[in-house]
Amino acid sequence: MIADDFARRVLRWQADKGRHDLPWQNPPSAYRVWVSEIMLQQTRVATVIPYFQRFIQRFAEIQDLYHAERDEVLHHWSGLGYYARARNLHRAAAQICQQYSGQIPADMGSLQALPGIGRSTAAAILSLSGGQSQPILDGNVKRVLCRHAGIKGWPGKSAVLKQLWQLSEQLTPLQNTAGYNQGMMDLGAMICTRSRPACDQCPLAAECVANHLGQQQQLPESKPKSNKPSRQEWVLITVKNGQVLLKQRPPSGVWGGLWHFPAYSSEPEALASLPDQAKQSKAMVLPSRRHSFSHFHLHIHPLLVEYNEKTNACMEDGCSLWYNIEQPQKLGLAAPVSRLLQEVQQILETNT
């Protein structure tokens, strides 16, 4: 299939069957497309939609994002995961407002120089919002191309990735690129899915190598398996007059910049950190839970300690505070913290 025919089929299918009512498509401004593309990295559309809508309602323009505190940005990202995306989005907004007068750059080089924006994300912004002829290569597009061309090897390998970029460049049309790129993403999300692809509904099925050879489940090849290491963490949930002590994580690393319970490498170390007036209180051991990251499993062991002392909800120091469970603040909370706070609130209400 020559490139022009490939693009025509994708465009025809997208116009008839593709998605046209996603919230970032109406209107498809560079800012809205950028926010959506960052959210969609490693995350499904159905999950992203409500987050995007709340995010845009609060940060309608890039200047709103620029002037917001990082805590509030992370608060609106809480639960979406991969929080470096939110930190980079906030940093990039500052650079755009300071260096480009609030106008998102319209060239690949300047866009890719911004935090968190790689080649495919930059190309999506420029093509979907500005109509530029730029090839993209997100996860959905990789899957469509690997199956259609019968490309073997894990797409994360540099040699395979280079081959996919070359193919994407060859197939991307000079005209109607926004529709074509949206169509490729829609095909991967709606038809050429990871499992049980609907090949009988695909406009590219006639020349698809994987379809002909029955290799839909083998292509694209999966990342080579490796055993994820496990880490153990004891978190201390200190409750005082209905308030819980939280600490802010360092800017980088796991849950960077988010608020979390003080964490320790062992139970004795956690209990030893308690102030003297709290050491008389018996710690309640809550059920352990596992949180999986891309490169390791984290086993969290919560210890709940409640003691009485008159206090105000104030900062303990520059990176810790007393958090009122009944009057939540707009803070970026890691997902396990949000769930644990709900559990603690239920326990306190039961014991009252």
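Keep in mind that the model is predicted.

Cysteines first. How many disulfides does a search of the whole structure find? The count is 0. Take C192. Its nearest cysteine sulfur belongs to C202, and that sulfur sits 6.3 Å away. A disulfide needs the two sulfurs within 2.5 Å, so C192 is in none. For C199 the nearest cysteine sulfur is that of C208, at 6.2 Å. C199 is in no disulfide either. Is C192 buried or exposed? C192 is buried, because its relative accessible area is 12% and the cut-off for buried is under 20%.

Now the salt bridges. Searching the whole structure gives 7 of them. I will go through some.

Start with R19 and D186. Their side chains meet in a salt bridge, 2.8 Å from N to O. Where do the two residues lie? R19 is in the loop between α1 (3-17) and α2 (30-40). D186 is in helix α11, residues 177-191. The partners are 167 residues apart in sequence, so this pair ties together separate parts of the chain. And both R19 and D186 are buried.

Next, E169 and R119. Here the closest N and O atoms are 2.6 Å apart, again a salt bridge. E169 belongs to α10, residues 158-171, and R119 to α8, residues 119-130. The separation is 50 residues, and the pair links distant parts of the chain.

Third, R289 and E343. They form a salt bridge with the closest N and O atoms 3.1 Å apart. This time a strand meets a helix. R289 lies in strand β6, residues 289-292, while E343 lies in helix α14, residues 335-351. They are 54 residues apart in sequence, so the bridge ties those two parts together. R289 has 21% relative accessibility, which means partly exposed. E343 is partly exposed as well, with 27% relative accessible area.

Last item, a network. Which residues are linked in a network of salt bridges? They are D5, R9 and E207.

To recap: 0 disulfides, 7 salt bridges, and a buried R19 and D186 pair that spans 167 residues of sequence.

Technical notes. Residues are numbered from 1 along each chain as its sequence is written. This is a predicted model: local features need pLDDT of at least 70, side-chain atom pairs count only at pLDDT 80 or more; totals for chains, interfaces and linings use all residues. Side-chain values use heavy atoms; hydrogens and water are left out. Buried means under 20% relative accessible area, exposed over 50%, partly exposed in between (1.4 Å probe, protein chains only). A salt bridge is a side-chain nitrogen of Lys or Arg within 4 Å of a carboxyl oxygen of Asp or Glu. Helices (H or I, at least four residues) and strands (E, at least two) are DSSP runs, numbered from the N terminus.
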